[in-house]
Amino acid sequence: MDFDLTDEQRMLADSIGRLVTDSYGDFEQRKAYRADPRGWSPANWSGYAEMGLLGLPFAEEDGGFGGGPVETMLVFEAFGRGLVVEPYLATVVLGGGLLKRAGTAAQRATLIPEIAGGGLTLAFAHQERQARHDLHDVATTARPDGTGWRLDGAKGVVLHGDTAGRLIVSARTAGARRDREGISLFLLDPATHGVTRRGYATQDGLRAAEVVLDGVLLPADALLGPEGGALPLIEWVVDEAQAAICAEALGAMEVLRDLTVDYLKQRTQFGQAIGNFQALQHRAADMLVATEQARSMAMYAAMMVQESDASARRVALSAAKALVARLADQLGKDAVQLHGGIAMTEEYKAGHYFKRLAILAGLFGDMDHHLRVVVAAGGLPEAA
Amino acid sequence: MDLRYTPDEIAFRDDLRKFFRSEIPLPIRRKVSEGRALAREDYVTSQRILHARGLATPNWPVAWGGQDWTPVQRYIYVEELQAAAVPQPLGFNVNMVGPVIATFGSEAQKQRFLPATANLDIWWAQGFSEPGAGSDLASLKTTAKRDGDDFILNGQKTWTTLGQYADWIFCLVRTDATVRKQQGISFILADMKTPGISVRPIITIDGGHEVNEVFFDDVRVPAENLVGELNKGWDYAKFLLSNERIGIARIGMTKERLARVKRLAQETPAGEGMVWDDPDFRRRLAWSEIELKALEITQMRVVAAQRSKASDKPDPSSSILKIKGSEIQQQSTQLLMDVAGPYAMPRPDREEEGLNLPSVGPDWADAAAPLFFNYRKVSIYGGSNEIQRNIIAKAFLGL
């Protein structure tokens, strides 16, 4: 049993912490990044590349740094603290996670160095309107066409899909809409004829896109991974994203808690700091309890995402997400309430943390969804 | 970062697991598992078996029968003990007065009390709370006045757990009323057979006799029974209470109870199927399991931090463990009562009237409601959850 970071991990955490403080320490900076046509900062992205963050989880032989879930956790906790808007989850965790596991040697050799170098961003076009949180619900089709494929369908709320240099699209090569078998992945350039994207801002200050695939013709080698057998891979990568989301929520919760506690000390009413009032003190104390519980669950998620038994892994990640979602919701709402009116303003940052937490809580499945997964499994997996 | 135990830790765990399950009599462990009151002999039997193997007082100094364990080993010990439904060695002896005497007592006190305390030859009671001193413990009023070679004690203690079995009591008493309230308190030991001490039972809402009032009426106690220095008792009490950090959340015990709830829910009929088939019930059970997992990792983090640094820095973790641990313990007893359903209603006969009558319902169900009632105490004792929130707000958030 060991909860210590290695020296390398500690150095990584320190460097990312400094980087995020430099680039996001002043909340006005984030507003400027969002104003870029991309909705994020290319300069920051280059900074992440220079620090090695964009190659972090890839194997060294593919041009990466061989980082694992603990490294990812450290990155996302820091990103949560800064409310970072760059497409790291979409590119490195989701797109990169699929690419590194499903890509051929040739695909990996071409694309991973580009990602690590900051020249290429990815997006994972999987969500469909009817699917809600069910990863196996895919209606988009891919039919053989000549020597290649023809894709038809519509994908929604594709994180950073508007600016991605490549899309990884899930489509059905066999089976019915809700079958677990028959789902495949395709790697495509969004400029391909028949792909239309409608980009938009999301409520938490990031970006996403609707992607329509209308008779999109792809060569045979656009297939990424096993034909018809992509679902286990998708589930694994989404679990990794879930672990990252737990860490990001933790970072955001800690900042919001500290902001709230500082405000309680500064704001005076009835001739004293409102932090003197016990009703507010106890709610602040509960915020500390919540962040500690969230930290434990983010660690649990990081450790269990490496679990080789896929069903145990899925249940554990759902357990982590269900609780983090509940804690994030509770802490976010309490933070706004304890601040009072100031947190209702667009200008002050607390409200932005609250909004990000509300979105993270529902991303890749909300609390109810993940609790249902745990309930259906009959409870948590017993640790070895 | 790794949740798993090392091979050495697994071997250590497996040894303990085997020992607890093979050596501690099953009828005693069954009572613990069902949440029934233990008889005095049950505690004594169990603790003596543990002590013979060096497992009653692992957190004591090695010279006095402690174990040179790592924090992880201590954690495994508590977890396995609770998971096997072994009665905890009497806390008043092994976690409270024992470490205080070992740390602050005279050599004569150590020789006289520690071996007997470890083996439960002496049963200790805790004389801290008073009718007017609960959360505000330092306002206690029981006095000890010096008279020649003795102190004379007058006053009343309350909530004295298992005081009906006690041979001795360790008390916080006021020895100086002229200074700040924390600075006029001393820590003193009294033989329960001393003239002037009387014990009155308090029957709690579960029907049990677990706690008592203890009255001191001109009780003459030899001055040699003072522990450490006069008027330093508050420091010793804080030391004593800080010893409880591992195990306060009772994670092993709650795990065992939730597993039992699950098993019983799977075999208790409800309509077309079993209680287990009710999704609302299972949702509540799942929440308890999930929260327990988060707490378990929080506890492991505390253990790991103890290993990497012996820090005296204020740390909110014991308050967090207390708040969440008590909440989840309470949830587990409520779930058990809900499984019992209508057969939570028949009231079991009291211990002293004999428990051997056949149960009205399933043989476990009559203990469910009393346990639920009894467990309201866990968010009250040991510093109520509201006091814990005060501590967090003041000591860690600076409010």
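Strands are DSSP runs of E with at least two residues, helices are runs of H or I with at least four, and both are numbered from the N terminus.

**View 1. The annotated span 123-211 of chain A.** In this predicted model, residues 123-211 of chain A are 51% strand and 0% helix. The end C-alpha atoms of the span lie 11 Å apart. UniProt lists these residues, in an unreviewed entry, as "domain: Acyl-CoA oxidase/dehydrogenase middle". UniProt positions follow the numbering used here, feature names are shortened, and annotations may be inferred rather than shown by experiment.

**View 2. The fold of chain A.** Chain A carries 11 helices and 10 strands. Its C-alpha atoms fill a box of roughly 80 × 45 × 40 Å along the principal axes. A compact globule of 384 residues would have a radius of gyration near 21 Å, and chain A agrees at 21 Å. That radius is taken over C-alpha atoms, and the globule rule is 2.2 Å times the number of residues to the power 0.38.

View 3. Of the 384 residues in chain A, 59% are buried (under 20% relative accessible area, 1.4 Å probe, protein chains only). Among contacts (heavy atoms within 4.5 Å) with a separation of 6 or more, 74% join residues 24 or more positions apart.

**View 4. Domains of chain B.** The assignment gives domain 1 (7-89), domain 2 (124-231) and domain 3 (245-396). These bounds come from an automatic or database domain assignment. The C-alpha centres of domain 1 and domain 2 of chain B lie 29 Å apart.

Residues are numbered from 1 along each chain as its sequence is written, and chains are lettered from A in the order in which they are written. Local features need pLDDT of at least 70, while totals for chains use all residues.

How values were computed. This is a predicted model: local features need pLDDT of at least 70, side-chain atom pairs count only at pLDDT 80 or more; totals for chains, interfaces and linings use all residues. Side-chain values use heavy atoms; hydrogens and water are left out. Buried means under 20% relative accessible area, exposed over 50%, partly exposed in between (1.4 Å probe, protein chains only).
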